[in-house]
Amino acid sequence: MSKTTWLGARRTKLAAAALAVFAIAGCASLGLGGAFQQPIVNFKDLRVRGLGLTGGSLDAYLNIYNPNGFRLDATRLTYNVKVGENPLGTGALDSRFTVQNKDSTTVRIPIDFTYAGIGAAARHMMQSGSVPYTVTGDVTVGTPLGNFTVRYTGSGRFSAFGGAQNNPR
């Protein structure tokens, strides 16, 4: 191998090593040094927003914690709410929200319902004063590493006088 060829090969190796160092440093500055950790989604609360002659409105609240060193941009959140064994509301929120690194945020899910749809649950509440509920779904977040979807679930009892008591999972 000639001296010129050897110097050219060495420069190429040095340039590749320098490029690798810059790439690693760039990832570290973005907080991508470790593996992606899934956000932690917990059911927080269920509140009655309003009641009318034919139905009402509820707000379900989810707490989303981001354990990563970079922010998460949520692109979609789905939900399925049951009161007792009866479906109350199902849908998707396509409004975006951001969870900063090592921080959490609360997301409100508005749910409209009719009394006809929850007749058995309403009777149970009138008899016992409370009714069990479950909220399930998933949240899709965008990260510098791509999109990830995380399932969540929460349950508890809704009391006519005391509001919701949670059993987060």
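Mentor: Let us begin with Val139. Leaving aside its neighbours within four places in sequence, Val139 is in contact with Val41, Ile64, Ala74, Arg76, Leu77, Phe97, Phe148, Thr149, Val150 and Tyr152. Please keep in mind that this is a predicted model.

Trainee: Which residue in S8 is the bridge partner of Val139?

Mentor: That partner is Val150. Strand S8 covers residues 146-159 and runs antiparallel to S7, with 14 bridges joining the two.

Trainee: How many residues lie between S7 and S8 in the hairpin?

Mentor: Two residues separate S7 and S8 in that hairpin.

Trainee: And S7 itself, is that strand largely enclosed or open?

Mentor: Strand S7, residues 130-143, is largely enclosed by the rest of the structure, because 11 of its 14 residues are buried. S7 is also joined to S3 by 10 bridges, and these two strands run antiparallel as well. One example of a facing pair is Val83, which stands opposite Tyr133 in S7.

Trainee: Which residues touch the most other members of the largest nonpolar core?

Mentor: They are Leu77, Ile109 and Val139, in a core of 34 residues. The strand that gives the most to this core is S3, with six residues.

Trainee: Staying with S3, what about Thr75? Buried, partly exposed or exposed?

Mentor: Thr75, which lies in strand S3, has a relative accessible area of 23% and is therefore partly exposed. The cut-off for buried is under 20%.

Trainee: Which residues does Thr75 touch, not counting those up to four places away in sequence?

Mentor: Thr75 touches Leu93, Asp94, Arg96 and Thr140. As for Asp94, its C-alpha is 6.3 Å from that of Thr75, although the two residues are 19 apart in sequence.

Trainee: Changing topic, where does Asn68 lie?

Mentor: Asn68 is in the loop between strand S2 (55-66) and strand S3 (72-83).

Trainee: What does the side chain of Asn68 reach at 2.6 Å?

Mentor: It reaches the backbone oxygen of Gln37. Setting aside residues up to four places away in sequence, Asn68 touches Ala35, Phe36, Gln37, Asn101 and Lys102.

Conventions
Residues numbered from 1 in each chain as written. Predicted model: local features only at pLDDT ≥ 70, side-chain atom pairs only at ≥ 80, totals over all residues. Heavy atoms only, no water. Helix = DSSP H or I, 4+ residues; strand = E, 2+ residues; numbered from the N terminus. Polar contact = N/O pair within 3.5 Å; in protein donor to acceptor, adjacent residues only side chain to side chain. Contact = heavy atoms within 4.5 Å. Core = buried A, V, L, I, M, F, W, Y, C linked by side-chain atoms within 4.5 Å. Buried < 20%, exposed > 50% of the residue type's maximum accessible area, 1.4 Å probe, protein only. Pairing = 2+ DSSP bridges.
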